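User: Please take a close look at one residue in this model and its surroundings. Then connect that view to the wider packing and the chain contact.

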Amino acid sequence: MRPNARITNEVWRHYVAARTLPDDVLRGPVDRAWRRCDLAGASPLAMNAQELPPLQAQALLQERSDLIEASRPYMHALSQAAGPERHAAMLGDDNAVVLDVVGDAESVHGRQRVPGPGAVLSESHAGANGIGSPLAEGGYIELIGPEHFIEGFHLFTCQGVPINGPDGKTAGVLSTSVRRIEVSDRMREILYCAAKGIEAELMRRRLMADVAQLLASNNDGKLLEELEQDVVQLQGAARLRLEKAVLLARSERQDDAVRLLATATELMRRFQQRSQLWREIASSDIGPPQYLDFAMYLQDIAALLTTESSVRGIELQLHGTDAPMMVFADSRDLRRRIFRAFLHAFEGSSAGRTLRIEAVVNEAIGVASVSFDGSRETALAVPLRPTAIEPEGVRGDLR
Amino acid sequence: MSRTSSDTDFPRRVLVADDDDEFRCAVADLIELDGWCVCQASDGRQALDCARELRPDVLLIDHRMPGLTGVEVVRKLRAERILVPVVMVSAAHDLDDLADAAGIPCRLLKPFSFDELGGVLRRAVRGRC
């Protein structure tokens, strides 16, 4: 529900005079942000954000150039979605320092411009705002006019969402700052999708680095490079879907845009999932064994190898993978073993063939196994429980 | 990627050949929105047949496809004197080497933006890659 600007203003004035906050008046995330600002000693009367010294700011921009470059296309998409309205798309690092701003000339360079690169927008320095608050809150937040803690930001309606890096840690934050609430509404889904797009781009860059390493050190390097290209298609499609959604949003086809953004977000989710799978296959790490769904692992690898099998002219038919099939194994090791078993089976198959992949559980000997065209040569068996021992004669993986 | 006033020869026909359905449809949807007339092919052989039949103004073709690779399709078309302008697209890190070896000057590394896509299609049609 929209906050009442008059009441929010009154709460702000009361806070300035008495330094106390009433309960249950501000929206939940805003209330939490104000209380954090109060505890941190932020000044509600500040008119602008503090800035890093120029040399320090320059060094930070250099250090975070990968995030800045990865974000550029998505910040431009946000800027395009705002159209001729006063707006700024802003990128912050994980400490809420502004790294980049894209927007109309007045918002970026004018008298009432938004804080630029080097500005420190953590809540303790700049109160509740579209950069610092999503980081402190750990998720999306919107601040309308006087919901900003400091007076200098009351002109703006801001929203922001954290960006996670390939390691799962917060890499930064993406935010928009506009003058009209309606414009902010129009940009909400695009902002969310753009943040996912940046996360996907960061992952793609990580994959490229991994491929370069693999090519230098691994016999499977060429094949893994081709598989990485297949995975990247998903990110490419998602990015184009997002761009089309922006065009639709600008031409007032908001419902179509939202549908397309949902598709783009889902593609990015699949890209992240496949990228993670690819990285596990490409790595040589091992971890502790745990209970895993063998059927799902088989489906994942089959999906990853869709293009590869198609290029080889082999049709994959999975059987017995509809229900969960719990086994006890190390996740990465299991993925690599399944992957190699598939490749081994591909090599024994020929173009135009259908490869029957059948998963079964054999409780009597305590294993789940997968076979390819019924061949024992390429079969792979995995224990169901920690105590189970891999039986002789049910092997074939290339570990 | 809106058209400029010098683009008086639209609609142009583009054949988009890519085995990845998501990617091919995303590309086709976008360029249709920009006024191109789009045909689609989902593997190398289909791309070859469509190009022979439709004689598109430009062929946007992925390299890694079942049936025939993008380069193989282009070579076959040339052998048949079907000299359609080609944009080679790929996520391959050695795309430039691939395209150079096949004598394809227009290429686009995946992932790319709508602007990059529109720009390279127009350059390909004008023979100015």
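Predicted model: local features only at pLDDT ≥ 70, side-chain atom pairs only at ≥ 80, totals over all residues.

Is Glu123(A) buried or exposed? Glu123(A) has 24 C-beta neighbours inside 10 Å, so it counts as buried. The cut-off for buried is 20 or more.

Next, the contact between the chains. Here 20 residues of chain A meet 18 residues of chain B. On the chain A side, helix H9 (221-250) and helix H12 (306-311) are the elements that give two or more residues. H9(A) supplies the largest share, 14 residues. By class, the chain A side has eight nonpolar, seven polar and five charged residues.

Last, a helix pair within chain B. Helix H1 (residues 21-33) packs against helix H5 (residues 114-126) of chain B at an angle of about 70°. Their axes are 11 Å apart. The angle makes H1(B) roughly perpendicular to H5(B), because 65 to 115 degrees counts as such. From H1(B), the contact uses Val27(B), Leu30(B) and Ile31(B). From H5(B) come Phe114(B), Leu117(B) and Leu121(B). By class, this contact of H1(B) with H5(B) has six nonpolar residues, no polar and no charged.

Notes
Residues numbered from 1 in each chain as written. Chains lettered and ligands numbered in written order. Axes fitted to C-alpha atoms, helices over the stretch in contact; angles between N-to-C directions. Helix = DSSP H or I, 4+ residues; strand = E, 2+ residues; numbered from the N terminus. Parallel < 35°, antiparallel > 145°, perpendicular 65-115°, else oblique. Contact = placed C-beta atoms within 7 Å. Nonpolar A, V, L, I, M, F, W, Y, C, P; charged D, E, K, R; others polar. Buried ≥ 20, exposed ≤ 12 C-beta atoms within 10 Å, placed from the backbone.
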